[in-house]
Amino acid sequence: MTSQIRTSLTWLLVAFLFMNTTQWLLFLVFIWFLNSLPETKNWFDLLYLGITILGLYWSLHGGTIVDRFPRRKLLMIAVSLYSLVLVIGTIIAFVSNSALSYVFVGLFVPLTILATIFYPSIYALGQSMVSPQWYAKLNIWIEISGQIAAMSSGLISTVLFEKFATPEKVLGVASLLFIGSVIVMLVALWKFITETYIPPKQSTASVFDRLRDAFTFLKKRPFLFIFGITSYMIFLVTLLDSFYVMPAFVDRVLNAQGQVYTFSEGLFGAGAVTVALLLWKFGTGNIPVRILILLFTVGISYVILGLMPTVALLLILRFFFGFANGGARVMRLTYLFHRVPNHLIGRVLGFFDAFNVFLRILIISFFAITGLSESPETAHLPVIFNGTILIISGIILLLALLFLQRKSD
């Protein structure tokens, strides 16, 4: 690896750390207040369902956009546009307190869209910079940076909730931190990060044609297809937890305050940092088998938490869940990077992401129809449900390991 590439990667990771910290900070602020404000708490499940459905549309386009345009310019445009939206929304929140819930909804939706562009662009940009023997290290670096960001955002948001009583003040401070991180990222992308980008030959193809390319590629590799789907289930449950299940679980089952929720998210990040450091030391090993073990152990842990809900157990298991999610993401991406060419990686990741969002829509619709998260007597059931999803995914991956892995992937 040349010194120029090292410099570029260093600045990419620094910028990613700052941006990811403040993105997660905003997510935590929006999620908690939307789930607790009187105007939104009773229909938050429907709101999150609508945002997830919108996320499906953007997931279908996100991967193809990442493959179609230079990733560096795409990142610069995306973070700049959201900064403008955030500034306008924050000003409205301070001017009109009655519009606060609408501001949170209006800022949460484009933040979700930004995430569908931001993360695939970072991974694709990093993959384009290094040779295959550096893929595992690259993913570990990104994971460490990302989970330090998640841990930091949990701790920062805990302090914000304690120091600033009103939602608009919390939003104002979080917005200032976000704008600062955007400046760091824009300087890094513009001055330090170089990118050799060669657009695909069929760059003008429609989104469905490009996703069809991804499906055709995966159809010829059945084990890779099943591995991609099942290894993504830990991430699916993580998103359901952080944005939907855990706020209601903490509020209605544990009867705890927002600081417990945000601190548990900080522990989640600490667990992910820990596993990333272990993978750095000991390597990724037999990735499908390790993913299989994580699916079963995390699934069983969720069931235990749902059956025996306590704050202490929640905090302990959130650290373990972060450990599992971080390890699964590093290993999944490393496995895919070695088997998917760079000109297809955006749309293949987009395909898996779209499938993941589709499943989340079905699950959230089920929760919304049944109202499980709304009542203190039933708000623990979604946690058990998530554990069951992981156990079933583990069984599917086990069958694929037994009967499909020998085929070419």
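Serine 301 is buried, at a relative accessible area of 12%. The cut-off for buried is under 20%, so serine 301 falls in that class. This is a predicted model, so please keep that in mind throughout.

Where does serine 301 lie? The residue is part of helix H11, which covers residues 287–307. As for its contacts, I leave aside the neighbours within four places in sequence; serine 301 then touches Leu317, Phe320 and Phe321.

Next, the empty space. Rolling a probe the size of a water molecule over the atoms shows where such space is left. The largest pocket has a volume of about 250 Å³. Helices H2 (44–68), H3 (71–95) and H4 (100–129) are the elements that each give two or more residues to its lining. Which of them gives the most? That is H3, with six residues.

Twelve residues line the largest pocket in total. Nearest its centre are Ala78, Leu81, Ile113, Leu114 and Ile117. By class, the lining has twelve nonpolar residues, with no polar and no charged ones.

Last, helix H8, residues 222–231. Seven of its ten residues are buried, so H8 is largely enclosed by the rest of the structure. Which residues of H8 are buried? They are Phe223, Leu224, Phe227, Gly228, Ile229, Thr230 and Ser231.

To recap: serine 301 is buried and sits in H11, the lining of the largest pocket is made up of twelve nonpolar residues, and H8 is largely enclosed, because seven of its ten residues are buried.

Definitions and conventions: Residues are numbered from 1 along each chain as its sequence is written. This is a predicted model: local features need pLDDT of at least 70, side-chain atom pairs count only at pLDDT 80 or more; totals for chains, interfaces and linings use all residues. Side-chain values use heavy atoms; hydrogens and water are left out. Helices (H or I, at least four residues) and strands (E, at least two) are DSSP runs, numbered from the N terminus. Buried means under 20% relative accessible area, exposed over 50%, partly exposed in between (1.4 Å probe, protein chains only). Contact means heavy atoms within 4.5 Å. On a 1 Å grid over the protein atoms alone, a cavity is a set of points where a 1.4 Å probe fits but cannot get out, and a pocket is an open set with protein on both sides within 12 Å along at least five of seven lines; lining residues have an atom within 4 Å of a point. Grid points are joined across faces, edges and corners, and a volume is the space filled by probe spheres set on the points. Ala, Val, Leu, Ile, Met, Phe, Trp, Tyr, Cys and Pro count as nonpolar, Asp, Glu, Lys and Arg as charged, and the others, Gly among them, as polar.
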